[in-house]
Amino acid sequence: MTITVEPVVNEPALVVNSDTKALVLADIHLGIEWDLYRSGFSIPSQIEQRLERIMALVEQEEPDRIVLLGDVKHNVPQVSWQERDEIPYFIGSLSEKATVDIFPGNHDGGIEFLLPPDSDVNVYPARGDVIDGVGYFHGHTWPSVELLSAEHVIVAHNHPTVRFTDSMGYSVVEQVWIRARFEREVLAGHFKSADLSEESDAWSDPDVVVVPAFNELCGGVAFNESMLDDLLGPIFSSGALDIDHSDVYMLDGTYLGMLKNIRKLEETRSDRGRSKGGRSKKESKKNRASRSKPDRSKEGLK
C-alpha cells in the first residue's frame with residue numbers, strides 16, 4: 001500500500017492518501033470566543049466562517065474521512081453554552097460529507113456527549129490509533145505503542161509556528177509544518193515492555209508530521225525560540241521527538257531549513273548536557289548521522 005502525506009497549500013490542513021483519502025485538521029478550538037469574552041475580548045462566534053472554510057476544503061479534496069486531530073472544543077474542564085450549541089451542528093455538518101474520526105485532545109473532555117445522534121462519527125482513544133497504515137494522536141499523552149509500527153505518524157497539540165524578527169526588532173509569527181523523526185532510545189526507555197529494536201516489527205522509524213492549528217485565534221509555540229521545556233506533551237518535552245533535526249515548512253510550501261539552523265536561542269535543553277533520554281548531544285548527533293534517510297528538503301512535505 002502506497003501512502004502519501006501532503007499539505008494543502010496555504011491551509012493548515014493535511015491530505016493523507018492510503019486505502020482511503022483523509023482530510024486532517026487539528027486544534028479547531030470551537031468555543032474559544034466564549035473564553036475570550038470572559039477575559040474581556042468580545043469576538044462574535046466564528047463557526048460559520050470556519051465551517052465554510054472546511055467545507056470548501058472538503059469540496060476540493062473529496063475525502064472519504066475527515067480526521068479531527070484533537071481539541072475540537074476549547075473550554076476545559078467545563079462545556080460552555082457556545083460549545084453545546086455549536087459542536088453538534090459542526091460535527092453533524094461534517095459527517096454528512098464524510099466519516100468523521102475524532103482523536104480527543106486535552107480540551108475534548110465530554111465531547112462524546114456533544115455528538116449528534118445517528119451521525120457517522122468515530123471517537124478514538126486519547127493515545128491514538130492507526131487508520132489505513134497511518135498513526136494519529138493529538139500529542140498531549142504518550143502515543144500508543146502500536147503507532148510506532150506505522151510508516152507515518154500525525155500529531156498536533158503544539159500549534160507550531162516560527163517567529164521572524166527584522167533588524168529593527170519588529171516580528172511576525174507564521175504557522176509552520178514540522179517534519180521529524182522519533183528518538184528510538186527515548187521511546188524504548190518509556191515503553192520498557194515493548195521490543196523497539198531496529199529489527200522489531202513494532203518499530204518502523206515513522207515519519208512524524210506536526211500539524212499547525214486550524215483556529216487562528218489560539219496562538220502557537222514559536223519552535224525557533226523554544227527549548228524542550230517550552231514544548232507541550234511528553235514526546236516533545238522528553239526529547240522523544242528529534243526536534244533539532246526536524247524540517248520546517250511554511251504553509252505556502254517554503255522550506256525554511258532544519259530547525260537547529262533557524263533557532264534564535266544559542267542552546268536547547270539537550271545542548272546543556274544530557275537529554276532526558278539519557279544521551280548526550282554528541283551521542284545523539286553520532287546516532288543521527290548513522291541513520292540513512294532521504295534528503296527531505298528537496299522532496300517537500302510528502
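This is a predicted model: local features need pLDDT of at least 70, side-chain atom pairs count only at pLDDT 80 or more; totals for chains, interfaces and linings use all residues.
**Entry 1: Ala213.** I looked up where Ala213 sits and found it in the loop between strand E12 (207-210) and strand E13 (221-222). Its relative accessible area is 1%, so I put Ala213 down as buried. Leaving aside neighbours within four places in sequence, I listed its contacts as Pro12, Ala26, Asp27, His159, Gln175 and Cys218. I also checked Glu11, which is 202 residues from Ala213 in sequence and 9.9 Å from it in space, C-alpha to C-alpha.

**Entry 2: aromatic pairs.** I searched the whole structure and got five aromatic pairs. One of them is Trp142 with Phe191: the ring centres are 6.2 Å apart and the planes stand at 85°, so I noted the pair as edge-to-face. This pair links distant parts of the chain, 49 residues apart. Trp142 is in the loop between strand E8 (134-136) and strand E9 (152-155), and Phe191 is in the loop between helix H4 (184-190) and E12. Trp142 has a relative accessible area of 19% and is buried, because the limit is under 20%. Phe191 is buried as well, at 9%.

I then took Tyr249 and Tyr255, whose ring centres are 5.1 Å apart with planes at 45°, so this pair is tilted. Tyr249 is buried at 3% relative accessibility, whereas Tyr255 is partly exposed at 29%.

**Entry 3: other ring arrangements.** I noted Phe103, Tyr124 and Tyr136 as one aromatic cluster. Last, I looked at Phe214 and found the charged end of Arg53 over its ring, 4.1 Å from the centre.

Definitions and conventions:
Residues are numbered from 1 along each chain as its sequence is written. Side-chain values use heavy atoms; hydrogens and water are left out. Helices (H or I, at least four residues) and strands (E, at least two) are DSSP runs, numbered from the N terminus. Buried means under 20% relative accessible area, exposed over 50%, partly exposed in between (1.4 Å probe, protein chains only). Contact means heavy atoms within 4.5 Å. Rings of Phe, Tyr and Trp (its six-membered ring) pair if their centres lie within 6.5 Å; planes under 30 degrees apart count as stacked, over 60 as edge-to-face and the rest as tilted. A charge sits over a ring if NZ of Lys or CZ of Arg is within 6 Å of the ring centre and within 35 degrees of the ring normal.
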